[in-house]
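Welcome to the tour! Open your viewer, get the selection tool ready, and follow along stop by stop.

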Amino acid sequence: MKMSYSFLTLFLTICFSVSAQGDVFQLEIMELLQCNGTQEEYSKAYDDVFVLLKKNFETADVPDPFWTDLKKGKEKSLAEVTQFLTFAYRNHFSRPEIAEMTVFYQTEAAQKMLKINTGMLTETENTLIAVFQNGNVGKKLAANRQGLTADINEIAGHWSRDLFAANMSALIKAGYSPKQ
């Protein structure tokens, strides 16, 4: 519990101390999150919440248009979680490091690495990936992975719980009951 409070304190400190330069930094991190697969991952996570909700309400005969209306908040929700995730990255990396990661993840080799087994990459692609991973930023990314993952999991956990609870509440308020 103490870790949650310390993270929350750090998070709020960062939020309130962001300057105009910080806003640019946030946009740069958002660009990284777009090209490193994070936004795609959370888009899928958003959809997974609705799979779970539909399973919980499968006996309630919720009409498809109602589900469609509930899902209309996807873009806003994804933008919110992405903004919160920027603080996790800001906590671990500088602007030049974020810029280097963005350049790497925009390469065809990195995009293929994110989507397929690395054994299926060409020798040139594997070399490009190895150069990044063995560079200062790649090593820092590997070294900070545990802390970054912990911060991301904290943010993602709150986001998914809030998303699930808000939509469950909307279903119940509309008169639908979850299965018993």
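Helices here are DSSP runs of H or I with at least four residues, and strands are E runs of at least two, numbered from the N terminus.

A word on what you see: this is a predicted model, where local features need pLDDT of at least 70, side-chain atom pairs count only at pLDDT 80 or more, and totals for chains, interfaces and linings use all residues. Residues are numbered from 1 along each chain as its sequence is written, and side-chain values use heavy atoms, leaving out hydrogens and water.

Next, select Ala-109, Ala-110 and Met-113, the buried residues of helix 7 (residues 108-115). Looking down the helix axis, you find them within an arc of 95 degrees, so they line one face (the arc is taken from the directions from the axis to the C-beta atoms). They pack against helix 6 (95-105) and helix 8 (123-134).

Now zoom out: the protein has 9 helices and 0 strands.

Which residues touch the most other members of the largest nonpolar core? Select Tyr-89, Met-101 and Tyr-105, out of 41 residues (such a core is a set of buried Ala, Val, Leu, Ile, Met, Phe, Trp, Tyr and Cys residues joined through side-chain atoms within 4.5 Å). Helix 9 gives the most to this core, with 9 residues.

Last stop: Met-101. Leaving aside neighbours within four places in sequence, Met-101 is in contact (heavy atoms within 4.5 Å) with Leu-32, Phe-93, Phe-132, Val-137 and Leu-141.

Definitions and conventions: Buried means under 20% relative accessible area, exposed over 50%, partly exposed in between (1.4 Å probe, protein chains only).
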